[in-house]
Amino acid sequence: MKMLARLILGLVIFDAAVTAPTLEPINYDSETYDATLEDLANLYNYENIPIGQAEIEIATVMPSGNRELLTPPPQPEEAEEEEEEESTPRLIDGSSPQEPEFTGVLGPHTNEDFPTCLLCTCISTTVYCDDHELDAIPPLPKNTAYFYSRFNRIKKINKNDFASPDDLRRIDLTSNLISEIDEDAFRKLPRLRELVLRDNKIRQLPELPNTLTFIDISNNRLGRKGIKQEAFKDMYDLHHLYLTDNNLDHIPLPLPENLRALHLQNNNILEMHEDTFCNVKNLTYIRKALEDIRLDGNPINLSKTPQAYMCLPRLPIGSLV
């Protein structure tokens, strides 16, 4: 009976020893302490201390020998999971990389809910959408300054296609299927400098901003009525005007004073007046800027109107017979 009681007591003691917290020895570096236990009696200075004032410690005691501190038991698995979640990388705005935010980063979304800058190539303020089989102008980022969408299938330019960018300076829509342009598509672009619409099916040129310096509408279908009267009159900074292959039967007048190049090849221009380029009322007038005039490929005989070129620094290129 006594043996059984001793056996049970031994098992209880063994079980308590196994489940006890882990003990780790801690060594103290004596160099970090000012005194030892032997100097305990001198640690406090009791002389000249008013009654009721707390003791003033004048040194730090180093524990004698080695002491053992209890270490807490292992944390449950839930804590480890929380640490793993906290270690997951986050973006500056708190979202995770697995949840990308395209707005403002890859530009606005197209009609197919696809970011413009993922469909096209956006480099700084330039958007390249060349040869992507697009049938419409994609929504452009607000900071777009240069837009290229050549060799696509765009048929129409709507009023609000370029309403978002504030600083749009160049538009190049070469080699599309454009046949219709809204009258206000370009008019409200205050900083537009270059417009390229060559190789399309345009029959009517809309109102253009006076800020343009370069216009290329070659190889379209403007014909006799495709260009409004005095369409380029107030474009004081226009330097290059290319209207080749448009079946035009006249030169669009008046031309801006600072115009440098006028290309009208392969049209149907039949005649030219003496005041087309010069001022017949002022024989001393010289038009220095206009040095490049191309009229070759037109059924016009330039030799019949010699007075029309007297103010030019160079004769136009074209047929003389």
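Q: How do you know how confident the predictor is in this chain?
A: You look at pLDDT, the predictor's confidence in each residue, from 0 to 100. The chain averages a pLDDT of 79, and 64% of the residues score at least 70. This is a predicted model, where local features need pLDDT of at least 70 and side-chain atom pairs count only at pLDDT 80 or more, while totals for chains, interfaces and linings use all residues. Residues are numbered from 1 along each chain as its sequence is written, and side-chain values use heavy atoms, with hydrogens and water left out.

Q: Which stretches have a pLDDT below 50?
A: Residues 64-69 do, and that stretch has 15 contacts (heavy atoms within 4.5 Å) beyond near neighbours in sequence. Residues 81-105 are below 50 too, with nine contacts counted that way.

Q: What makes a run of residues a helix or a strand here?
A: DSSP runs decide: helices are H or I runs of at least four residues, strands are E runs of at least two, and both are numbered from the N terminus. The chain has three helices and 13 strands.

Q: What share of the chain is called buried?
A: Of the 321 residues, 34% are buried. The word means under 20% relative accessible area, with exposed being over 50% and partly exposed in between (1.4 Å probe, protein chains only).

Q: Why is Thr144 called buried?
A: Thr144 has 0% relative accessibility, which is under the cut-off, so Thr144 counts as buried. Thr144 sits in the loop between strand E4 (126-128) and strand E5 (146-148). Its C-alpha atom is 8.8 Å from that of Ser164, 20 residues away along the chain. Setting aside residues up to four places away in sequence, Thr144 touches Thr125, Val127, Pro165, Asp167 and Leu168.

Q: What makes the pair Thr144 and Pro141 a polar contact?
A: A polar contact is a pair of N or O atoms within 3.5 Å; within protein, one must be able to donate a hydrogen and the other to accept it, and residues adjacent in sequence count only if both atoms are side-chain atoms. A polar atom of the Thr144 side chain lies 2.8 Å from the backbone oxygen of Pro141.

Q: How do you know that Cys117 and Cys122 form a disulfide?
A: The test is a pair of cysteine sulfur atoms within 2.5 Å. The S to S distance for Cys117 and Cys122 is 2.0 Å, so the pair qualifies. In general, a disulfide is a covalent bond between the sulfur atoms of two cysteines. The structure holds three disulfides.

Q: Left-handed or right-handed: what is the disulfide of Cys117 and Cys122?
A: The torsion about its S-S bond is about -85°, so this disulfide is left-handed. Cys117 counts as buried at 16% relative accessibility, whereas Cys122 is partly exposed at 27%.

Q: Why is the Cys120 and Cys129 disulfide called right-handed?
A: The torsion about its S-S bond is about 110°, so it is right-handed. The two sulfur atoms are 2.0 Å apart. Cys120, with a relative accessible area of 4%, is buried, and Cys129 is buried at 0%.

Q: Which parts of the chain does the Cys278 and Cys311 pair tie together?
A: Cys278 is in the loop between strand E12 (261-263) and strand E13 (292-294) and Cys311 is in the segment after E13, so the pair ties together parts that are 33 residues apart in sequence. The sulfur atoms of Cys278 and Cys311 are 1.9 Å apart. Their S-S torsion is about -90°, so this disulfide is left-handed. Cys278 is buried at 11%, and Cys311 is buried at 4%.

Q: What makes a group of residues a nonpolar core?
A: The members must be buried Ala, Val, Leu, Ile, Met, Phe, Trp, Tyr or Cys residues joined through side-chain atoms within 4.5 Å. The largest such core here has 54 residues, and those with the most contacts inside it are Phe147, Phe162, Ile171, Leu173, Phe186 and Phe277. Not counting residues up to four places away in sequence, Phe162 has contacts including Leu140, Phe147, Leu168 and Phe186.
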